[in-house]
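The following account leads the reader through a structural model, from the fold of one chain to its contact with another. Please keep the sequence and the coordinates at hand while reading.

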Amino acid sequence: MSGEETVGPWAAIPEIAKVTLRQLLGRRRTLLLVILSLLPVLLAVAFRLAGPGEGGGPTEVERFSRRVFDTISMTILLPLVAILFGTGAFGSEIDDGTIVYLLAKPLPRWIVVLAKALSAVTVAVLLTGVATALAGAIDLFPSGSDGILATEAQVFAMVVGSACYVSVFLALSLFTRRALVIGIGYMLVWEGALSFMLPGIANLSIRQYALGAAKAIYDLPLQEARLSAETALLLAGIAVGAALLIAVWRLTRFELPGGSD
Amino acid sequence: MTTQPLSPGAPGAPGAPGTTAEVPAIELSRVARWYGNVVAVNDVSFRLGAGVTGLLGPNGAGKTTLLHMLAGFLAPSAGEVRVLGRSPHRDPSVYRQIGLVPEREAVYPFLTGFEYVRFNARLQGLRDADGAARAAIARVGLEDAMNRPVGTYSKGMRQRVKVAGSLVHDPQVLLLDEPFNGMDPRQRIAMMDLLGHLAAAGRTILFSSHILEEVEQVGTQILVMVAGRLAASGDFRAIRALMTDRPHRITIRSSDDRRLATALMVNPAVFAVELTSAGLAVQTAQLGVFRSLIAGASRSAGVRLLEVVSSDESLESVFDYLVRR
């Protein structure tokens, strides 16, 4: 055993990230999420095969954005994937006790949180972003520059949404073992039902941050998007920053129970 | 090696037994930890220097809580915990000097043994993580299995790879929670040898166990915890003698309990005899002597023995005796 020479704590980020990625990708539920992420791609193929709508009807960008991007990708795929990976980044290690191998190391806790968050966001973006890009390439690229910009905006919404959902639910998983249930409840009740009835809660909706952020690239034809790009990006930044700070604060105070003894 | 229980009234007082000019590797002063109304650790004080110390106690005695406080994972509700002169709670830098083997078995099952130990080395910031990992794996004798996923390991192998991960950075203090769980006798001996060598090299090692034989084979010093309290501490031989020489209660069923009672009462190894509905209850402080005389005594009295049961041989009863003393 040596150990005289040491490197800085930054070097731990790729190590923790690699282990976290293998944890997250090695689960059976990830396979289900991959299958789910194929749904927008399959729908894009179906739209493409069905051809454009009647003249005078919605454009292909409008049709695809409303029926596939908004209804499937934003409402189901993104929150489900990001919440599962966000809560799973720490959750499984807390459940099985392997968190001790991270905590018993001379690392600033923000390094651990950052590595975990980066891993979970990466996996979430890989699934949701790639699926959205593929779907857009199949159905929207033939519509010209509007279709390409709309696809870019939709992918950007996935990136912003993934970062927000992952950060918030990663932090929550350090407080409660029911973070996943709470996340699903948030997705269904808060964003799925209440946000339609109470437009005022847009400022507290990750979905709205993602939709609003897309406007920075292209104004997708969605009535749902209530926030401007600037406001959405600002609120998304605040949500990610605050959630990660809370996660660091919580991990610093994280206590392991005494067990049976 | 200094295992010194502190005087409860004057923890760490200058001139107290075991006080040296050096900072003790581990020092607890009147430490307590409670969860709501449940007291897990109560008023525990001791100091440890280099060497191997066994933390002995039945399940639920507070051993894991104590180790978690020493590892900085729990704050004491009262008192002070110091490792290498500083509080380990909320101070990650202390882990450069502490190695911890937790009780729970879980290890990342998808990593190979080598990857797991190297992961520990890299999180410790070691520049030559590969070299350190290979050396640590060699110390626990897992070279042949180091390229297999940990998920395929036996319980004993998982314990050994956990130990390798905990000592990869050559810590000054090693805390092990039930490290011999799941190990076969050969693995136990090898692990005991390893701990002995580390202690000889000046490391402070504290390991918990609920099995007396494990502790006495490794630790020259022991701490006995019962119901959250430190019931005894010091040289294991002295404490072992207390455990062996304590009063033993033996229940005997025979063809004539009353006649056997009369025969046993005259024997100096027996200090109490009582006729009960379950049979003859005998108390002796010399269990070995009693075992050798009972057959002859019953034969001389013309009584046939039907059953001889030692009714308080459980570890819990031994601990209970130590507490009552």
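Among contacts in chain A between residues at least 6 apart in sequence, what percentage join residues at least 24 apart? In this predicted model, the share is 80%.

The secondary structure behind these contacts may be taken next. Chain A contains nine helices and zero strands, and its pattern along the sequence reads α-α-α-α-α-α-α-α-α. The radius of gyration of chain A is 20 Å, close to the 18 Å given by the globule rule for 261 residues, and chain A is therefore as compact as a globular protein of that length. The C-alpha trace of chain A spans about 75 × 40 × 35 Å along its principal axes. Of the 261 residues in this chain, 47% count as buried.

Helix H1 of chain A shows how burial is arranged within one element. This helix comprises residues 12–25, and its 14 residues should span 20 Å at 1.5 Å a residue; the end C-alpha atoms are 20 Å apart, in agreement with that expectation. Which residues of H1(A) are buried? They are A:Ala12, A:Ile16, A:Val19, A:Thr20, A:Gln23 and A:Leu24. These residues cover an arc of only 135 degrees around the axis, so they lie on the same side of H1(A).

The confidence of the prediction remains to be considered. The model scores ipTM 0.88 and pTM 0.81. Chain B has an average pLDDT of 84, with 86% of the residues scoring at least 70. Within chain B, confidence is highest in H2(B), at a mean of 97, and lowest in strand E1 (residues 3–4), at 46. Over residues 1–20 of chain B, pLDDT stays under 50, and the model has 42 contacts beyond four places in sequence for these residues.

How values were computed. Residues are numbered from 1 along each chain as its sequence is written. Chains are lettered from A and ligands numbered from 1 in the order in which they are written. This is a predicted model: local features need pLDDT of at least 70, side-chain atom pairs count only at pLDDT 80 or more; totals for chains, interfaces and linings use all residues. Helices (H or I, at least four residues) and strands (E, at least two) are DSSP runs, numbered from the N terminus. The radius of gyration is taken over C-alpha atoms; the globule rule is 2.2 Å times the number of residues to the power 0.38. A residue is buried if 20 or more other C-beta atoms lie within 10 Å of its own, exposed if 12 or fewer, and partly exposed in between; C-beta atoms are placed from the backbone. Two residues are in contact if their C-beta atoms, placed from the backbone, lie within 7 Å. The expected span of a helix is 1.5 Å times one less than its number of residues. The arc is that of the directions from the helix axis to the C-beta atoms. pLDDT is the predictor's confidence in each residue, from 0 to 100.
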